[in-house]
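I am opening a page for what I look up in this structure.

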Protein chains: 2
Amino acid sequence: MTADTPRVLTVGDDASGAPALPSGPFDPTTDRTLEKSVRRWVAERTGLGLGYVEQLYTFGDRYRTPEELAGGPRALSIAYVALVREARPATGAAWRDLYAFCPWEDRRAGAPAVIDAAVAPALSAWTAAGADGRGTARQRRERADIAFGLGGAAWDADRALERCELLYEVGAIDEAVRDRALRAAETERGAAASVDAVGHAVGPGAADSGYAGPTSDEAAAAVLPGAMALDHRRILATALGRLRGKIKYRPVVFELLPPGFTLRQLQRVVEALTGMPVHTGNFRRLVAATGLVERTGDRDEVTGGRPAEMYRFRRDVLRERRAPGVGAGGGGRA
Amino acid sequence: MTADTPRVLTVGDDASGAPALPSGPFDPTTDRTLEKSVRRWVAERTGLGLGYVEQLYTFGDRYRTPEELAGGPRALSIAYVALVREARPATGAAWRDLYAFCPWEDRRAGAPAVIDAAVAPALSAWTAAGADGRGTARQRRERADIAFGLGGAAWDADRALERCELLYEVGAIDEAVRDRALRAAETERGAAASVDAVGHAVGPGAADSGYAGPTSDEAAAAVLPGAMALDHRRILATALGRLRGKIKYRPVVFELLPPGFTLRQLQRVVEALTGMPVHTGNFRRLVAATGLVERTGDRDEVTGGRPAEMYRFRRDVLRERRAPGVGAGGGGRA
DNA sequence: CCACATAGGCTCATTGTGAGAATAACTACG
DNA sequence: CGTAGTTATTCTCACAATGAGCCTATGTGG
């Protein structure tokens, strides 16, 4: 977290020039648990000591890597999310604005321009392309509306993965185009026998609905940039959705704040993660009610107005009652 | 789900005589996604068609299997939870009462006897054994109270994994004893160099607190039976906790009910899964408010009293608004 | 002293939740 | 037929939680 922008640690661009999430092979001989392995690996490569670490998901779809497409081995990635305080990473790694990879997720100032400019048109085109007289168009419309809070539906911040997958399927983000090209090239070379899907796969919920990957006949008008290497944007979306859910019932935000902070800072971090504006008054009431923080007695060095009280996180709360989070109080025009 | 008892599919006892969860090797050549692989595998072995399937967790601690303890390879298990309607499994597999493996989780009729008879004493002994003048005893007491809702703390049904891990650490469940013996035997034979923990490992939240596994100097008075093969009881606890959390915000219970059901049946399933009694009036109000179900017009074949209205799950809800679950309304004497 | 900016509180209507009780529709038995 | 027993279904009521708007406090810079 830097000021108001959530950041994600990325490592040097891969062959195609896209940033990647830090990752590496798992060596079973070095660590007792997978989590310890993650901590050690990140510490060695980037010099960062991780605070909160949580297993995210294990990705194992076919053709996640170009190597496999060319006949190489299947890649399984056991992904973890971790939260760290701002720090300078080692060379080769860099903090990048999280929302640069998914601008549609940031609604702190209301629905972003990218929705009207690119997302909604792409979804509409896709919906229209599904007109087959058997209700496909209606189903597509419903799915798009729910995912993106269009047509009267409410925006659900936690559905970040669903949105990412939908945009991929629709062909509105650039890895859809990239993977289509890769797939075509490989098929031409006659390498893989049954290349039925590249990169992303059917998500939970879509179950057995026969996801087919992006198809060229439904090309979107404008394709959004921001692809990461392989399926890393999808992994990022998974992490974002998971954190947004977690923030509501576990005090994880504090991992992103310095030991002393103002309530305004806390609110900013919550807003940055959830991507939603928060009603200040209600937020303060909520935080006070949970007992998650206590005054330090210090005051913020002024930045224009009345000085703010400084607070610290009460670690005891982790042991007390069922530790609540600080996610509610969602107001705003979404 | 059979009548009021939640069941789990187990396969033939392993060498030590303990039941195991269905599992098998992952063959990367057969399926496009891990989930499809799970579905196919279960269908082939047990003849069951899975409904709801969700990736649970990837277990990768050292020494999860006796083979590794004897110098064999590290085992990684990518676990999935699935919900199916009652059905006869193929030979070799059997449905067993879920709560036979964790009786302390079933509080439908209030706190079960096993709490006072075995769990609480074991926790007290462990707490007392931590008296070192540096607050260890107090920390243990707090941890035990939170996990098991003792000493005025509220019972949190979702913390099933936390409880299972604590009981293992405390040495109150039999795989703790089993693993201790295994470990001792191996160490004696001088096989493994640094056998620091067998079976379970530190869970999320305990982070780097230096979990050390069960130690013989803190042997519990009574050891609870019900171990599954390897760390499968732990995996089961993970699944239970996950489902209990999910039930609150996704309509997953319906996977366990026949197409037509009464509200009482629905309530029973929810109670069975959450392990908590539910206030009937409030439950009905909640279910009605969510619009998850609709009347079929039929009535239940009577079983003693007034006939009940039959309902069906409204699948459209999955596409409408943010589909809520049916988990609230927890009343009862817990 | 004023305008401006940010922090911190207060109020109020509405909704949701927990708990208890009342009523309805049936069966079984005398 | 009447009454007890059993299960289903609905209502009420107090109280807590939530969403939204407004007001006050305390600083800065002219």
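Before I list any helices, I note that helices here are DSSP runs of H or I with at least four residues, numbered from the N terminus. I also keep in mind that this is a predicted model.

Entry one, the DNA. I looked up what surrounds DNA strand C and found 22 residues, the closest being A:Gly281, A:Gly305, A:Glu309, B:Gly281 and B:Arg306. Sorted by class, the surface near DNA strand C holds eleven polar, six nonpolar and five charged residues. I then asked which helices supply at least two residues each to this surface, and I wrote down helix 8 (263-274) and helix 9 (280-290) of chain A, along with helix 9 (280-290) of chain B. Helix 9 of chain B gives the most, with three residues.

Entry two, a glycine in a loop. I located B:Gly12 in the loop that lies between strand 1 (7-11) and helix 1 (34-46) of chain B. Is B:Gly12 buried or exposed? I count it as exposed, because it has 11 C-beta neighbours inside 10 Å, and the cut-off for exposed is 12 or fewer. I also noted that the C-alpha atoms of B:Gly12 and B:Asp27 are separated by 22 Å, the two residues being 15 apart along the chain.

Terms used
Residues are numbered from 1 along each chain as its sequence is written. Chains are lettered from A and ligands numbered from 1 in the order in which they are written. This is a predicted model: local features need pLDDT of at least 70, side-chain atom pairs count only at pLDDT 80 or more; totals for chains, interfaces and linings use all residues. A residue is near a molecule or strand if its C-beta atom, placed from the backbone, lies within 6 Å of it. Ala, Val, Leu, Ile, Met, Phe, Trp, Tyr, Cys and Pro count as nonpolar, Asp, Glu, Lys and Arg as charged, and the others, Gly among them, as polar. A residue is buried if 20 or more other C-beta atoms lie within 10 Å of its own, exposed if 12 or fewer, and partly exposed in between; C-beta atoms are placed from the backbone.
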